[in-house]
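The following exercises concern a single protein model.

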Amino acid sequence: MKALSDIVMLDLTHMLSGPFAAMLLADLGAETIKVEPPGTGEMTRSLMGDHPRYAFKGMGPYFRTLNRNKKSVCIDLKRAEGRALFHELADKADIVVNNFRAGVTERLGIDHATLAAINPRIVTCSVTGFGEEGPDCDRTAFDMVAQGYGGGMSITGEAGGPPIRAGVPMGDLTSGLFGAVAMLAALHARELTGRGQHIDLSMQDCQVSLLSYIAAMHLLSGDVPRQFGNAHSVYVPYDTFPTKDRWLIIAVVKDDQWARLRDVLGSPALQDARFDGYEGRRDHREEVVGAIAEALAARGCDEWLETLRAARVPCGPVNDVAHALTDVQVQARDMVVEIGHPEGGSFRTTGNPIKLSETPGESYDPPPLLGQHTDEVLAGLCGKSESQLARLREAGVIA
């Protein structure tokens with residue numbers, strides 16, 4: 001049994017933020033029914049689906065990664081009979097999640113007010129770029145747009161250089177994470193009140209929340225933070241350094257760590273008493289960083305890591321993706337897993353970072369073929385007979 005095995009979720013999401021939120025709950029056991037339009041299905045089904053290196057049996061990396069542990073049902077929500085069928089599903093469901101633009105669910109007749117009239121315990125979650133209320137809620141958002149509006153992009157990159165978005169799509173993924181947390185919170189609140197509720201989640205809001213103490217500093221002082229590269233504004237050395245082969249991170253924040261680093265590096269230039277105390281190192285940043293960089297250039301990253309770890313100096317490599325996925329700790333914690341394809345064969349992808357002791361969530365069903373579970377779900381949840389399903393299919397309501 002998985003932690004959410006008693007939960008039924010209707011997944012109307014597409015692209016990245018919404019599918020990621022739904023995948024997190026699916027991994028934890030929620031019966032996740034991906035409701036897709038007949039014909040093409042969710043738009044990422046075809047995204048890189050024919051790529052010679054990144055596709056597997058017609059599934060591109062987006063769909064393959066984000067839709068494990070889900071079932072696929074094809075319903076035409078633009079038709080009245082399709083909406084009625086969706087309402088029947090919602091009557092049996094606990095969660096409905098979407099990442100349509102603001103106003104779409106109302107136009108389709110699948111908004112919270114409509115669904116709550118059918119099922120008062122339903123939890124609905126809408127992930128939009130800018131929320132469902134406010135003067136500019138109709139702005140169009142993609143990941144980098146959200147990163148730009150959220151402020152974090154302005155402080156990412158080297159001083160004086162252009163703004164740089166995060167290498168992973170933080171605008172999408174963080175809204176997916178917040179969405180999963182919000183849905184779990186709403187489910188818990190339902191146990192207290194007996195009623196479901198609606199979650200209005202904005203990608204921009206999520207990005208602004210990540211500013212955290214940086215926003216607090218600005219709101220108190222009025223100072224506008226600027227780019228600072230990989231360095232820390234206070235602690236030195238807290239930065240990335242080139243070695244003979246790969247980049248190395250050193251993150252010293254305490255004087256005893258500094259003393260051990262200085263001993264390991266053995267550089268006479270670092271023995272200067274001016275560098276005692278974090279203020280001294282901060283005030284002489286260029287000298288300290290330059291001497292460390294010169295010392296580290298003599299050996300390779302792995303050799304330095306072994307020496308620095310033995311001396312209890314906080315450090316780490318800047319792994320490329322290949323190194324990250326083959327790290328012994330990553331492998332030991334099943335963060336690279338093999339998942340089957342519904343037509344046979346298997347592929348590898350990232351695992352589930354949530355490790356629960358009593359209800360583990362580390363088993364994975366393949367991402368579904370388009371409409372693969374239509375009959376199974378509509379018969380099981382809605383009690384549709386074979387003749388009813390045949391008529392709905394013939395009418396083009398389902399596929």
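**Exercise 1.** Determine whether Phe-130 is buried or exposed, and describe the aromatic pair that Phe-130 and Tyr-149 form.

*Solution.* Step 1. Phe-130 has a relative accessible area of 7% and is therefore buried; buried means under 20% relative accessible area, exposed over 50%, and partly exposed in between, with a 1.4 Å probe and protein chains only. The model is predicted: local features need pLDDT of at least 70, side-chain atom pairs count only at pLDDT 80 or more, and totals for chains, interfaces and linings use all residues. Residues are numbered from 1 along each chain as its sequence is written, and side-chain values use heavy atoms, without hydrogens and water.

Step 1. A search of the whole structure finds three aromatic pairs. Rings of Phe, Tyr and Trp (its six-membered ring) pair if their centres lie within 6.5 Å; planes under 30 degrees apart count as stacked, over 60 as edge-to-face and the rest as tilted. Phe-130 and Tyr-149 form one of these pairs, with 4.9 Å from centre to centre and 80 degrees between the planes, which is edge-to-face.

Step 2. Phe-130 belongs to the loop between strand E5 (123-128) and H6, whereas Tyr-149 belongs to helix H6, so the pair ties together parts that are 19 residues apart in sequence. Helices (H or I, at least four residues) and strands (E, at least two) are DSSP runs, numbered from the N terminus.

Step 3. Tyr-149 is partly exposed, because its relative accessible area is 41%.

**Exercise 2.** Classify the pair of rings of Tyr-235 and Tyr-278, and state where the two residues lie.

*Solution.* Step 1. The ring centres of Tyr-235 and Tyr-278 are 6.0 Å apart and the planes stand at 55 degrees, so this pair is tilted.

Step 1. Tyr-235 lies in the loop between helix H9 (212-221) and E7, and Tyr-278 in helix H11 (residues 278-283); the pair thus links distant parts of the chain, 43 residues apart.

Step 2. Tyr-235 counts as partly exposed at 28% relative accessibility, and Tyr-278 likewise counts as partly exposed at 31%.

**Exercise 3.** Give the order of the strands in the open sheet of three strands, and identify its edge strands.

*Solution.* Step 1. The order is E7-E8-E9, and the pairing is antiparallel. Two strands pair if DSSP finds at least two bridges between them.

Step 1. Strand E7 (238-242) and strand E9 (315-317) each pair on one side only, and are the edge strands. From one strand to the next, the twist averages 25 degrees.

Step 2. Between E7 and strand E8 (residues 247-251) there are five bridges in the antiparallel sense. Pro-242 stands opposite Trp-247 in E8.

**Exercise 4.** Assign the residues of strand E10 to a covered and an uncovered face, and describe how E10 is joined to E11.

*Solution.* Step 1. In a regular strand the side chains alternate between the two faces of the sheet.

Step 1. In strand E10 (residues 336-340), Val-337 and Ile-339 make up the covered face, while Val-336, Glu-338 and Gly-340 make up the uncovered one.

Step 2. E10 and strand E11 (residues 346-350) run antiparallel and are joined by five bridges. The bridge partner of Gly-340 in E11 is Ser-346.

Step 3. The hairpin of E10 and E11 has five residues between the strands, and Gly-344 takes a positive phi near 105 degrees there.

Definitions and conventions: Axes are lines fitted to C-alpha atoms, for helices over the stretch in contact, and angles run from 0 to 180 degrees between N-to-C directions.
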